[in-house]
Amino acid sequence: MAGSSLLVLSVLLAEDRPNILWITSEDNGPHMGCYGDEYAITPNLDALAVKGLIYQNAWSTAPVCAPARTTLISGVYPPSTGGQHMRSMTPLPSFMKMYPQYLRSLGYYCTNNSKKDYNLEEKGKVWDESSRKAHWENREPGQPFFAIFNITISHESQIRRRPHKAVQDPAKVRIPSYHPDTPEVRQDWAQYHDKMSEMDAIAGKYLRELREAGLEDDTVVFYYGDHGSGMPRSKRWPYNSGLRVPLIVHVPEKYKHLAPSDYQAGGDTDRLVGFIDMAPTLLSIVGMTPPEHMQGNAFMGRYEVDPVDYQFGFRGRMDERYDLVRSVRDKRYIYIRNYMPHRIYGQYIQYMFQTPTTRVWKQMYDEGELKAPQTYFWEEKPAEELYDLEYDPDEVKNLVESPSHRAVLKRFRKVHQHWVLETRDLGFLPEGEIHARGGDKTPYEMGQDRADYNLEAIFETAQMAAGRDEVSIPGLLDALKSDDSAIRYWGALGLLIRGESAVQQNKSPLLQALKDESPYVRAVAGEALGRFTEGHLDNVLETLVGASNMAEDGVFPAMYSLNALQMLGGKAVSVRDQIKALPRKSAKQLGRIGGYVPRLLEKLNEDLSH
C-alpha cells in the first residue's frame, strides 16, 4: 500500500471510524414480522430490529430498481441528473462523485455484491470490488469497510416462478383491496412472502458472518428493501405501496454517538427518510460534510440535520412505456400528480405481464368481472390523487374532490411545484431532449442553465396540459406556436389528453404539428389525429412509421412513435408490413434501452396480426 494511503488509514484508525454493512433486498415492502405483518416469517431481521431502530416511513424515492439505485449512488434526485427513466444512461458533471468514491478517499474498503444497475456512467474507480465474490474480508488488515450484500431472491421474477413448494397457506394471505381475490393472486402474494422468508435467511447468514468474525460491535448495520413489492401496482408505481420500504438500522454501543437522535434499541421512528438521504448519511457517519450538490439530508452521524416534513417520489418511462408521475408524502397523506392522465395505469409492459396476477387481473377487467377499486388500474388516471394513509393504507379513496381536504390538497400542490422547480426536474422534457439539449453539457448542467432549459415555462405548460379543463385550450394552442420544442410538445399533449372533442376542434394546428421538426411533437400530434379524426390517417401513419426506424432516427424517436402507433390499434393495420420490416438492432442504440424497441415491435406486430 502506498505511503499516502497508509497515512490516511492511520488517521482513520485513530479516529476509530465504524465499519458499515448494508444488507439490501429486492422488490419488497415492509412485509415482515417486525413491521407487524403476522403472516410473515422473518426471524433474522426481526432479531436485528429488536436491537436496532425501525423506520416506519422510509421511501425508496423511485418505485423501480435502476432509478432507485441511481438515487442511492449519487445522493441526487434522478430527475435532476436525467437518470429517472428505467434503464437509461447519463453522465454526471465532473464535480460529482458516487458515494463510494468519497468513502474510498477516506481509506474505506468499499465492496458491492453485486448489482450496480444505476442509470449513471461510472467515471474513475468507484468500488474496490463489485462482483459476486466481493466481500469485506478481502480488505487490508484493520482497514475500515463499507460493504453491500444485495439479495435477489425476493425479486419480482421469483414471485411467478413455477413450480413452487408452498410454505405459507395462500388462503390466509391478505389481498389488498385493489387486487381481485383469485387463486392466482393468492398464490403470487403467498409466494412473495415465502421468498421474503428465504431472503431473511440469507440476511441472517450475512449477520452471522459479521458476528463470527468478531466485528458486530465495530459495524453499523443497515437493512433495507430497494422499493415496494414486485406485485403489480406496487413496483413501478409511486404510491406508498411502491415506495415504502423496510429500513432497520443497528448502531453498536461503541458508536452510539453516531446514532440517529431518536435512536432507541428495539424502537421505531416515524421520521421521514428516503434513498435521497442515504449518501449524505453515509458521509455523515464517517465524519465527512456531505457535498452541497447532494439533495438529501443526513439522518444520523456527525452532520445529522433536523427531520424533514416531506419525501418525494417519481415515475418516468417504465421499460418500453412512457409516463410522468410525481408524488409527495408527509406522515399521513400522499399526493400524486399525473402528467399523462390519458395513459392508463396498467400500460402493457412485457416484463410486468409475465406475473400471473397481472394477466388474470387484466382478463377479469376486460370481461367486466371487476368493480371499483379493482377496476382503477386499467383505466385512465385522474390528474391528481390524494390519499389518507392512516385510514386508507391501500390508497384507493381519492380525496381530491373532498371539501374537507382542500387545504391539504393546496398545501401538497405548492410543495410539489416547489420541489420540481428547486430540483430542476428534467422529466418535463421528452427523453431524447434530455440528452440532446445543451450540446456537450451533461443533462444536469443543461438543466441548471435557464437558457437551455426554461423549466418555469415548460412546467407551467405541462400543468396546464394535464389539467384536462376546456378553459386552457387557448393556452395550449399558444404553446403550439412556441419556439421551444418542449412547450410545443406539451401543447400537443394537452389536446390529446382532452380527447376527441378537443382534437377535432383543433385539427388545423395539430396537422401543422404533424410537420414539426421535433419527432416527439410529431408523435403526439400523430396519435391525436389518428385516434380522433378522419381523413388524415395515411399522413399520420407515414409520419409515425417514418420515425420508428431506430437505426436511422435513433432509439428515442422510435420509442415515442411506436407507442403512438400502439394507441391507434387496428387503424395501423395498413402499415403492418412496414412495421414488421423495421430493424430491431442499431449501431446507434444505447445498450441499456436497446431492447425496448424490439419489445414494442413484438407487441405491435402481435396486435396487428389479430
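Modeller: Let us begin with axes: an axis is a line fitted to C-alpha atoms, for helices over the stretch in contact, and angles run from 0 to 180 degrees between N-to-C directions. This is a predicted model, in which local features need pLDDT of at least 70 and side-chain atom pairs count only at pLDDT 80 or more, while totals for chains, interfaces and linings use all residues. Residues are numbered from 1 along each chain as its sequence is written, and side-chain values use heavy atoms, with hydrogens and water left out.

Biologist: What makes α16 and α19 roughly parallel to each other?

Modeller: Helices are DSSP runs of H or I with at least four residues, strands are runs of E with at least two, and both are numbered from the N terminus. Helix α16 (residues 485-498) and helix α19 (residues 519-532) pack at an angle of about 15°, and their axes are 8 Å apart. Angles under 35 degrees count as roughly parallel, over 145 as roughly antiparallel, 65 to 115 as roughly perpendicular and the rest as oblique. The pair α16 and α19 is therefore roughly parallel.

Biologist: Which residues make the contact between α16 and α19?

Modeller: Contact means heavy atoms within 4.5 Å. On α16 the contact involves Ser485, Arg488, Tyr489, Ala492, Leu493 and Leu496, and on α19 Tyr520, Val521, Val524, Glu527, Ala528, Arg531 and Phe532. These residues divide into nine nonpolar, one polar and three charged. Here Ala, Val, Leu, Ile, Met, Phe, Trp, Tyr, Cys and Pro count as nonpolar, Asp, Glu, Lys and Arg as charged, and the others, Gly among them, as polar.

Biologist: Why do residues three or four places apart in an α-helix point the same way?

Modeller: An α-helix has 3.6 residues a turn, so residues at that spacing point the same way.

Biologist: How is α19 placed against α22?

Modeller: Helix α22 (residues 555-568) packs against α19 at an angle of about 5°, with the axes 9 Å apart. α19 and α22 are therefore roughly parallel as well. Their contact includes Tyr520, Glu527 and Arg531 of α19 and Phe556, Tyr560 and Ala564 of α22. By class, the contact of α19 with α22 has nine nonpolar, three polar and two charged residues.

Biologist: What is the relation of α7 to α10?

Modeller: The axes of helix α7 (residues 183-212) and helix α10 (residues 356-366) come within 8 Å and cross at roughly 155°. That makes α7 roughly antiparallel to α10. Glu184, Val185 and Asp188 in α7 meet Pro356, Thr357 and Val360 in α10.

Biologist: How do you know that the span of α7 is close to the expected one?

Modeller: The expected span is 1.5 Å times one less than the number of residues. For the 30 residues of α7 the expectation is 44 Å, and the helix reaches 43 Å from its first C-alpha to its last.

Biologist: Which peptide bonds are cis?

Modeller: Most residues other than glycine have a negative phi, and most peptide bonds are trans. The bond from Arg162 to Pro163 is cis, with omega near 0°, and Pro163 lies in the loop between α6 (156-159) and α7. Another cis bond joins Ala372 and Pro373, with omega about 10°; Pro373 is in the loop between α10 and β12 (384-388).

Biologist: What value does phi of Arg87 take?

Modeller: Phi of Arg87 is near 55°, a positive value in a residue other than glycine.
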